[in-house]
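Open the model in your viewer and keep the sequence panel beside it. Each stop below tells you what to select and what is there.

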Amino acid sequence: MADEIKTAIVIGSGSVDGVEGHLTAFQGSPVYCADGGVDNALALGLEPNSVFGDFDSISEAARQWTIDEGIPILQFPVEKDKSDMELVWDHLLQEGYQEAIVLGATGTRLDHTLSNLLMLPKYFEKGLQLTLLDRHNSIQPLGDQTKIRGDENYISLVPLSAEGLVVSLSGFQFPLNRENIPFGSSLGISNRVIGDEGTIQLHRGCGLLFYSVD
């Protein structure tokens, strides 16, 4: 029997509107909050297993609740070299987690959003698959081969490496055969699977895979 994948739910202080449906497959998984993510966790009916951060974005009510409930708190100084979210992801690696969904990692703070996106491949290479979820998007690092079922969602590939992405796409509206998607281009944006299943084969480079709905 294959070893069970160790999974977690991570919650940040960004937008969590409309994400409830993403929790079903991860029901019962431990919940880790980055600072103000405690407010979001409580709004979603989830109880954190532990909380990380400098506590500059958590509400006073959520902070007091965390203390009253005896939730483990790992507090860090405001002046630090890592974001609260990165601290949580480092902890997951140390604890041997292999997969996590991340809610509240996108929102009005575009600097935090972009930082979270750019860190995904680093953790993927270390063995931790992180998927950022919000109302309209599911975002994850692009692996060597990815199978995608056909539906109405948009599929986009965004290069992160300077040399771009070399990919093959089969079963898509716009197929590619070892095509280079240059860094900084929109060539990989807004594709769709046209049958029951599409396949993405990554030949070279590093990038992100977006499933998006309007």
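**Before you start**

This is a predicted model, in which local features need pLDDT of at least 70, side-chain atom pairs count only at pLDDT 80 or more, and totals for chains, interfaces and linings use all residues. Residues are numbered from 1 along each chain as its sequence is written, and side-chain values use heavy atoms, with hydrogens and water left out.

**Stop 1**

Colour by strand. Strands (E, at least two residues) and helices (H or I, at least four) are DSSP runs, numbered from the N terminus. Two strands pair if DSSP finds at least two bridges between them.

Follow the order S4-S3-S2-S1-S5-S6-S7-S13-S9 across an open sheet of nine strands with mixed pairing. Strand S4 (73-75) and strand S9 (154-159) stand at the edges with a single partner strand each, so one side of each has no neighbour in the sheet. From one strand to the next the twist averages 20°. For such angles, axes are lines fitted to C-alpha atoms, for helices over the stretch in contact, and values run from 0 to 180 degrees between N-to-C directions.

Now select S9 and S13. They pair in the antiparallel sense over six bridges. Tyrosine 154 stands opposite serine 212 in S13.

**Stop 2: the four-stranded sheet**

Next, trace S8-S12-S10-S11. These four strands form an open sheet with antiparallel pairing. Its edge strands are S8 (145-149) and S11 (176-181), each pairing on one side only. Neighbouring strands here are turned by 25° against each other on average, direction ignored.

Zoom in on S10 (residues 165-170). Four bridges join S10 to S11, and the two run antiparallel. Which residue in S11 is the bridge partner of valine 167? Glutamate 179 is. For valine 166, the bridge partner in S11 is asparagine 180. Then select glycine 171. It takes a positive phi near 80° in the hairpin of S10 and S11, which has five residues between the strands.

**Stop 3**

Select H3 (84-94) and H4 (110-125). Their axes come within 11 Å and cross at roughly 15°. That makes H3 roughly parallel to H4 (angles under 35 degrees count as roughly parallel, over 145 as roughly antiparallel, 65 to 115 as roughly perpendicular and the rest as oblique). The crossing of H3 and H4 is right-handed; that is, the near helix is turned clockwise from the far one by less than a right angle.

**Stop 4: the largest pocket**

H3 and H4 are the elements that give two or more residues to the lining of the largest pocket. H4 supplies the largest share, three residues. A pocket is an open set of points on a 1 Å grid over the protein atoms alone, with protein on both sides within 12 Å along at least five of seven lines; lining residues have an atom within 4 Å of a point.

Show Ser13, Ser57, Asp84, Arg109 and His112. Of the 24 lining residues, these lie nearest the centre. The pocket holds about 510 Å³ of space, a volume being the space filled by probe spheres set on points joined across faces, edges and corners. Its lining divides into four nonpolar, 13 polar and seven charged residues. Here Ala, Val, Leu, Ile, Met, Phe, Trp, Tyr, Cys and Pro count as nonpolar, Asp, Glu, Lys and Arg as charged, and the others, Gly among them, as polar.

**Stop 5: the second largest pocket**

Show His22, Leu133, Ser138, Asn153 and Tyr211. They lie nearest the centre of the second largest pocket, which is lined by 19 residues. About 410 Å³ of space lies in it. Strands S6 (129-133), S7 (137-141), S8 and S13 (207-212) each give two or more residues to this lining. S7 gives the most, with three. The lining has seven nonpolar, eight polar and four charged residues.

**Stop 6: the cavity**

How many cavities of 30 Å³ or more does a search of the whole structure find? One. In a cavity, a 1.4 Å probe fits but cannot get out.

Select Ile155, Ser156, Leu157, Leu169, Phe172, Gly188, Asn191 and Ile200 to show its lining. S9 gives the most, with three residues. The lining is five nonpolar, three polar and no charged.
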